[in-house]
Amino acid sequence: MLLAIGLIILGLVLLTLGGESLVRGAARLATLAGISPLVVGLTVVAFGTSAPELAVSIQASFTGKTDLAVGNVVGSNIFNVLFILGASALISPLMVSSQLVRFDVPLMIGVSVLMLIMGLDGTISRIDGLILFAGLIAYTAWLIRQSRRENAKVQAEYAEEFGEPPASTVTVGQIVMQVVFIAAGLGLLSLGAHWLVEGAVTIARLAGMSELLIGLTIVAAGTSLPEVAASIMATIRGQRDIAVGNVVGSNIFNIMSVLALSAAISPHGVAVSQEALQFDIPVMIAVAFACLPIFFTGHRIDRWEGGLFLGYYVAYTSYLVLMATRPETAATLGNIMLLYVIPLTAVTLAVCVIHSFRKTRRQAQAVGQ
């Protein structure tokens, strides 16, 4: 028990150091390469911080613990949105890029629904995994191409208005230095997450928790701690595009790479339990859909919305734990959420979205006059 607690503490320390190093290197590399911070958050940071999920899920698939592999992906995606975005928004309201609202969040919703459809037969097959991974390659290539095109357009507009900007020289040494920061950050994040998960799973097993429950809670939260560290550090340092892009990109990566590769390398694919199909994956889809109205309200996540996300994560985790220990109490909590909390939240968000649209319309009319 003491060894497990020690691993958890060391893991948290390494995660903090790794998050700082990764965000600093990624932000500076984006500036040197002419790629927007949003794209860096959606790719380099998101994919890098999802490395622990990839390692855990692949290892679980090899050892036949498919409930742990699926629970890790689903639980991580729920944790990323509800906990990480919630905590980051509480620190400082987050600005949301219009690209996220128009393309990346709908893609996150789409692949979440696709995961449910692919798993309806009880298995994410090898073919399913290869299809998902091919989609990830196409998505990444599109992001980089789009970012470079937009950057070139901005430079052309600047040159037309103010003349050519002073030439800036980018040295190989500068690029190598930022790559070293990123690599060091990823290494610290992976090692820290591994130690933390090892300690947490040991304690959970001593408490008699099931593999699916461990995957949805302890392992999902533990392997998502690199995203926590990266997003919170990015928020503190003012790199808010990286903070939000990291979460959305990680969720896309978790399905289109972590789950996809786990299914592709496993001889029989990844089995999906009925429990996950009936409850946990629909919750993941609902959480992805919840991003749209919140992101629409002024293209920002305010502190009260961050608190709302965190409250829902506490309710979801409490429900999972109660289902394993006190099913009757869990049923009561579920009824309260379905009959009162969720409808009230839906009405509140609908009012906020309508108010936001009206405000935007009035501003457009004022500009037209």
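Is P93 buried or exposed in this structure? With a relative accessible area of 14%, P93 is buried, where buried means under 20% relative accessible area, exposed over 50% and partly exposed in between, for a 1.4 Å probe and protein chains only. The structure is a predicted model, in which local features need pLDDT of at least 70 and side-chain atom pairs count only at pLDDT 80 or more, while totals for chains, interfaces and linings use all residues. Residues are numbered from 1 along each chain as its sequence is written, and side-chain values use heavy atoms, with hydrogens and water left out.

The secondary structure of the protein comprises 13 helices and 4 strands, these being DSSP runs numbered from the N terminus, with helices being H or I of at least four residues and strands E of at least two. The protein has 369 residues, of which 48% count as buried. Of the contacts between residues at least 6 apart in sequence, 86% join residues at least 24 apart, contact meaning heavy atoms within 4.5 Å.

P93 itself is placed in the loop between α4 and β1 (94-95). Its C-alpha atom is separated by 9.1 Å from that of E305, although the two residues are 212 residues apart along the chain. Helix α4 (residues 66-91) contains S88, which counts as buried at 1% relative accessibility. When its neighbours within four places in sequence are left aside, S88 is in contact with L94, S231, I232 and T235.

L206, by contrast, is exposed, with a relative accessible area of 61%, and belongs to helix α7 (residues 172-206). From C-alpha to C-alpha, L206 and M1 are 9.0 Å apart in space, while in sequence they are 205 residues apart.

The packing of helices was described by axes, which are lines fitted to C-alpha atoms over the stretch in contact, and by angles that run from 0 to 180 degrees between N-to-C directions. Helix α5 (residues 98-119) and α11 pack at an angle of about 170°, and their axes are 10 Å apart. The two helices are therefore roughly antiparallel to each other, given that angles over 145 degrees count as roughly antiparallel, under 35 as roughly parallel, 65 to 115 as roughly perpendicular and the rest as oblique. To this contact α5 gives residues including V101, V105, M108 and I109, and α11 gives residues including L277, I281, M284 and I285. By class, the residues of the contact divide into 17 nonpolar, 2 polar and no charged, where Ala, Val, Leu, Ile, Met, Phe, Trp, Tyr, Cys and Pro count as nonpolar, Asp, Glu, Lys and Arg as charged, and the others, Gly among them, as polar.

Helix α11 also packs with α12, at an angle of about 175° and with the axes 12 Å apart, which makes α11 roughly antiparallel to α12. Here F279, D280, V283 and I294 in α11 meet E305, F309, Y316, Y319 and L320 in α12. The residues of this contact divide into 7 nonpolar, no polar and 2 charged.

The largest pocket has a volume of about 610 Å³. A pocket is an open set of points on a 1 Å grid over the protein atoms alone, with protein on both sides within 12 Å along at least five of seven lines, and lining residues have an atom within 4 Å of a point; the volume is the space filled by probe spheres set on the points, which are joined across faces, edges and corners. The largest pocket is lined by 23 residues, and V283, A286, Y312, M337 and I342 lie nearest its centre. Two or more lining residues come from each of α11 (274-296), α12 (303-325) and α13 (327-368), and the largest share, 9 residues, is that of α13. The lining has 21 nonpolar, 2 polar and no charged residues.

Technical notes. On a 1 Å grid over the protein atoms alone, a cavity is a set of points where a 1.4 Å probe fits but cannot get out, and a pocket is an open set with protein on both sides within 12 Å along at least five of seven lines; lining residues have an atom within 4 Å of a point.
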